Amino acid sequence: MGPYALRLGSLAAALGLWQLLTSQDIDVWLRFSQFPTVTDVARAFGDRLSGAVYWTDLTDSLTRILSGFLLAAVLGVATGVLVARSRLAENLLGPLLEVIRPIPAIALVPVAILLFPSNEQGIVFITFTAAFFPVLVSTRHSVRALTPVWEEAVRTMGGGRWRVLGSVVLPGALPGIFGGLSVGIGVSWICVISAEMISGQYGVGYRTWQDYTVVDYPGVFVGMVTIGVLGWLTSTAVELLGRRLTHWLPRTSYVPGPRPRPARPVTSASREAPAGRPLSHAQEARDEHLV
């Protein structure tokens, strides 16, 4: 329980500091007097939870995230494997993808508004674009980093292209793929909230922007807390799924131990046993190791 108590303690300390700075209207360089207190945000959060609008916004944002992210996961992994394994695909798709990749997904909001017949489809497109490129890049690098010995072993035993793909490429690249998925889900939340602020009608981002326009700052912080919790839950779910699918990988945990003492030089006197006592096998093995 030690690590969990430490995490809860750090969170409680941050909330306590927030409450202290805002309740006392402390203005040094940062203007904490403009911030709502923790109790104000908690009161607004309780009011939102008792209404149906909050849950409608939550459902809409989660639906948009899951739709765009799942589509990006499938197409990102498939495109990454194709580009990494095929020279023709790399020459055809590589330049186009590298030109589009640096463009922020939020900058594509006007394109989505013009391209899709409804705002809902445009928001899903923004979410998909945000998650697609982290998954694509991570998959491509993971596949290219695989050792060719594994593929040669499968081909030696008579395996074909699909056998190599299912037995070597995808299992070997899974750790890197889930690394890209974990990054992609976080970027998706950033972009879907921004897209909802611009062109949405419902959703956590849309409601947060509406609260800002009517100067409801506790409501703004309710939206921020909701976004943070949802992002943390979805990212944790992706990480747990990755651990489950890569359970065959060796797990290492760092446990700090005592500092190693410097080895003393071995002399002929130190190798001799005390008077009347022969050296044990453990002592002999230790002395041989030091030598």
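**Entry 1: the second largest pocket**

I looked up the lining of the second largest pocket and found Val77, Ala78, Val81, Leu82, Arg85, Ser86, Arg155, Arg161, Trp162, Val164, Leu165 and Val169. My note on terms: on a 1 Å grid over the protein atoms alone, a pocket is an open set of points where a 1.4 Å probe fits, with protein on both sides within 12 Å along at least five of seven lines, and lining residues have an atom within 4 Å of a point.

This is a predicted model, where local features need pLDDT of at least 70 and side-chain atom pairs count only at pLDDT 80 or more, while totals for chains, interfaces and linings use all residues. Residues are numbered from 1 along each chain as its sequence is written, and side-chain values use heavy atoms, with hydrogens and water left out.

The volume of the second largest pocket is about 300 Å³, a volume being the space filled by probe spheres set on the points. Helix H3 (52–85) and helix H8 (161–199) each give at least two residues to this lining; helices are DSSP runs (H or I, at least four residues), numbered from the N terminus. I sorted the lining into eight nonpolar, one polar and three charged residues. Here Ala, Val, Leu, Ile, Met, Phe, Trp, Tyr, Cys and Pro count as nonpolar, Asp, Glu, Lys and Arg as charged, and the others, Gly among them, as polar.

**Entry 2: the largest pocket**

Which helix gives the most to the lining of the largest pocket? I found that H1 does, with five residues. The largest pocket holds about 450 Å³ of space. Tyr4, Arg7, Leu8, Leu11, Leu15, Val225, Gly228, Val229 and Trp232 form its lining. Helix H1 (2–23) and helix H10 (217–245) each supply at least two of the lining residues. By class I noted seven nonpolar, one polar and one charged.

**Entry 3: H3 with H4**

Back to H3, this time with H4 as its partner. Their axes come within 7 Å and cross at roughly 120 degrees. Axes are lines fitted to C-alpha atoms, for helices over the stretch in contact, with angles from 0 to 180 degrees between N-to-C directions. H3 and H4 are therefore oblique to each other, since angles under 35 degrees count as roughly parallel, over 145 as roughly antiparallel, 65 to 115 as roughly perpendicular and the rest as oblique. Thr79, Leu82, Val83 and Arg85 of H3 touch Arg87, Ala89, Glu90, Leu93 and Leu97 of H4, where contact means heavy atoms within 4.5 Å. I count five nonpolar, one polar and three charged residues in this contact.

**Entry 4: H4 with H6**

Next I followed H4 (residues 87–100) to H6 (residues 119–144): their axes come within 12 Å and cross at roughly 135 degrees. Glu90, Leu97, Glu98 and Ile100 in H4 meet Phe132, Phe133, Leu136, Arg140 and Arg144 in H6. This contact has five nonpolar, no polar and four charged residues.

**Entry 5: H3 with H10**

Last, I checked H3 against H10, whose axes come within 12 Å and cross at roughly 40 degrees. Tyr54, Leu58, Leu62 and Phe69 in H3 meet Val222, Thr226, Leu230 and Val238 in H10.
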